[in-house]
Amino acid sequence: MINEVRRNRNLVTDENGDARITAGFVVAGGITFILLAVILFTDLPPIGPDEGELAPNLQGKVHYLGATDWVDFDLYEETDSSWDAESDPEAKWFFIQFMDTDCGYCWEEAEPMTQLESAFGDRVTFISVALSLDIPSHSATKEEVIAFQEKSSLMECKGGDTDCSSRPGDPHNWAYFDDLSQATLDPWGVQGTPFVVIVKPDGIVAWNQAAHSGEEVGNALYSMLPQVGE
Amino acid sequence: MVMSTSVVLLLSSLTVLFGAMSRMESTRPLFSTLGMSDLVSAPASRRMLVGTLASISGGMLAAVWVWVIQRQSIIGSTTLCDSTSGCAQALSNQTMNTLPFSNLDFGLFFILMFSVLGFLALSIHLEPTWSKAGGFLSWGRTIGGISTLIALWMTITHLLMVDDSPAICPICIVLLAANIVTMMQFNLLLASHSDGSWNSN
């Protein structure tokens, strides 16, 4: 008698559990299939700073030489995912330099950058990503970045006590990307400055300085660019 | 518009439309045509449950397509929309096509929402006489309402805030319609369950 009451009570408590279990399995199975299908269907290359990976996006504000404002920039809007070297050898590559206006090495690198841009500027888009590393006496501001780029007078460069107008090289007539918040450090694997990554027109990393210790960046760039007119 | 996207648009639109019309008496013969003869004489609530599942399926299909386009657009272009079309203009901006205060893509968000709604609707469809069906219907209405608000926000974003606004993305409009239809269906089903007409024709 007691067992029968308990069995009836269990039936009431367990009312229609099968419906929810079935619905749960159907929905879980369906969503698993959908997620797998979407991920496989949109076969994106892995995103990262290593060679062969899709370069992480640079999305933010840039400053151009002589401009009064910082303007929006999106690296992926500049790349062409369908680029083919044979059919379009003249498409522009990207030379992305990570730098810090308070870094002595970046200060010295300013002149070679000028020379590289004058040599390759018609085939390569130069971008300097301005960081402010967490190092004592490194505290760059937007004004300092502009002064460094334009070689204008501001007593804040190279550790905070040097006039930006005295830096080597000419004023840099390419985009300076504002990353004083260091948002690009992790995605791009930046360990120190200056640091260079060369990106193909389709956004794929072609050369990462960290993987080519001692190699001269100008030679690397020259050897990688498709030969035009051959 | 690219062929595959046009087909998806047509399929999802028809499915959502079927969901919206399932309550009407004139659709009874349609259930027989679709191989669901037992629903022809079933209570309106049972047909509406199937209609709700249909609008959820249509919304899910549209959401999947939106997410695929969004994922392709990560690299700057998509093969599923012409570069000058409304859908490319609306969905190519990654930062504008995520849920506010998070980085969840709109497409993925709606897939998850329709999954939950699908579970609720399917549970009741499989066991319409369950004593707690009203609770599930109430949850469906609430979740459908939240999802509809987000879909409205997405539409406003496309009309006013993306770079090439106003950008009219047809598949996103179907997604919004699927959300509205699903929410309304849950609302009507809840009303039917509450006023005692759940089992009447």
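**Figure 1. Aromatic pairs in the predicted model, with F109(B) and F110(B) in close-up.** Across all chains of this predicted structure there are 14 aromatic pairs. One of them joins F109(B) and F110(B): with ring centres 5.1 Å apart and planes at 70 degrees, over the 60-degree cut-off, the pair is classed as edge-to-face. Both partners, F109(B) and F110(B), are buried.

**Figure 2. A tilted pair, F119(B) with F136(B).** Here the centre-to-centre distance is 5.9 Å and the angle between the planes is 50 degrees, which makes the aromatic pair tilted. F119(B) belongs to helix α5 of chain B (residues 106-126) and F136(B) to helix α6 of chain B (residues 133-161), so the contact ties together parts that are 17 residues apart in sequence. F136(B), in turn, has a relative accessible area of 16%, and so falls under the 20% limit for buried residues.

**Figure 3. An aromatic cluster in chain A.** Let us turn to the other chain. Ring pairs link six residues here into a cluster: F95(A), W107(A), F126(A), F148(A), W174(A) and Y176(A).

**Figure 4. Charges over tryptophan rings, one view for each chain.** In chain A, the ring of W70(A) has the charged end of K142(A) sitting over it, 5.3 Å from the ring centre. In chain B, the face of W67(B) has R71(B) lying over it, at 5.7 Å from the centre of the ring.

**Figure 5. The cavity lined by residues of chain B.** The structure contains one cavity of 30 Å³ or more, and the space in the largest cavity comes to about 30 Å³. Which residues line the largest cavity? They are T155(B), H158(B), L159(B), A167(B), I168(B), C169(B), C172(B) and I173(B). Helices α6 and α7 of chain B each contribute at least two residues to this lining, and α6(B) provides the largest share, with three residues. Sorted by class, the lining has six nonpolar and two polar residues, and no charged ones.

**Figure 6. Predictor confidence, for reading the views above.** Chain B has a mean pLDDT of 89, and 99% of its residues reach 70 or more. Among the elements of chain B, helix α7 (residues 170-194) has the highest mean pLDDT, 95, while helix α2 (residues 28-33) has the lowest, 83. For the complex, the predictor gives an ipTM of 0.71 and a pTM of 0.69.

Notes:
Residues numbered from 1 in each chain as written. Chains lettered and ligands numbered in written order. Predicted model: local features only at pLDDT ≥ 70, side-chain atom pairs only at ≥ 80, totals over all residues. Heavy atoms only, no water. pLDDT = per-residue confidence, 0-100. Helix = DSSP H or I, 4+ residues; strand = E, 2+ residues; numbered from the N terminus. Phe/Tyr/Trp six-rings, centres within 6.5 Å; stacked < 30°, edge-to-face > 60°. Buried < 20%, exposed > 50% of the residue type's maximum accessible area, 1.4 Å probe, protein only. Lys NZ or Arg CZ within 6 Å of the ring centre and 35° of its normal. 1 Å grid on protein atoms, 1.4 Å probe; cavity = no way out; pocket = protein on both sides within 12 Å on 5 of 7 lines; lining within 4 Å. Points joined across faces, edges and corners; volume = space filled by probe spheres on them. Nonpolar A, V, L, I, M, F, W, Y, C, P; charged D, E, K, R; others polar.
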